[in-house]
Amino acid sequence: NSLMRMFSGNPERTVTVAIKDGTAKQLKNAWDKKALSACGSTYKVINLKSAVSTAGGHNSLSGTVACN
């Protein structure tokens, strides 16, 4: 199934955002905006990793989406 998605003209895209001192909600909103702009339309979440805190005080969220 993932192979079919690769050739459907809508390849999966990895979306990553990092916000300094961001809350979980801010992180999710930023990730959502970036995923929407990457796809130019709605998307389906394929895999969303858990948020990670980096040494510089940033919270990072990464995931994979398939554009609709």
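**Notes on the fold around strand β4**

1. Let's start with tyrosine 43, which has a relative accessible area of 15% and so counts as buried (buried means under 20% relative accessible area, exposed over 50%, and partly exposed in between, using a 1.4 Å probe and protein chains only). Before going on, a word on the model: it is predicted, so local features need pLDDT of at least 70 and side-chain atom pairs count only at pLDDT 80 or more, while totals for chains, interfaces and linings use all residues. Residues are numbered from 1 along each chain as its sequence is written, and side-chain values use heavy atoms, with hydrogens and water left out.

2. Now the overall layout. The protein has two helices and four strands, arranged along the sequence as α-β-α-β-β-β. Both kinds of element are DSSP runs numbered from the N terminus: helices are H or I with at least four residues, strands are E with at least two.

3. Some totals for the protein. It has 68 residues, and 26% of them count as buried. The accessible surface comes to about 4,500 Å², with 57% belonging to carbon and sulfur atoms; these areas come from the Shrake-Rupley method with a 1.4 Å probe, and for residues only the protein chains shown count as cover. Taking contacts between residues at least 6 apart in sequence, 55% join residues at least 24 apart (a contact means heavy atoms within 4.5 Å).

4. Which strands pair with β4? Strand β1 (residues 12–20) is joined to β4 by nine bridges, and the two run antiparallel.

5. Valine 17 stands opposite leucine 61 in β4, tyrosine 43 stands opposite cysteine 67 in β4, and serine 53 has asparagine 59 as its bridge partner in β4. β3 and β4 also form a hairpin with four residues between them, and glycine 57 in that turn has a positive phi of about 85°.

6. Is β4 mostly covered or mostly open? It is mostly covered, with nine of its ten residues buried. Threonine 64, in β4 (residues 58–67), is buried because its relative accessible area is 12%. Leaving aside neighbours within four places in sequence, threonine 64 is in contact with Glu12, Arg13, Thr14, Trp31, Lys44, Val45, Ile46 and Asn47.

7. On to the aromatic rings. The count comes to one aromatic pair: tryptophan 31 and tyrosine 43, edge-to-face at 5.9 Å centre to centre, with 80° between the planes. For the rule, rings of Phe, Tyr and Trp (its six-membered ring) pair if their centres lie within 6.5 Å; planes under 30 degrees apart are stacked, over 60 edge-to-face, and the rest tilted. Tryptophan 31 has 1% relative accessibility, so it counts as buried.

8. Last, a look at the backbone. Most residues other than glycine have a negative phi. Aspartate 21 is not a glycine, yet its phi is positive, at about 55°. Aspartate 21 is in the loop between β1 and α2 (24–39), and it counts as exposed because its relative accessibility is 60%.

Conventions: Pairing = 2+ DSSP bridges.
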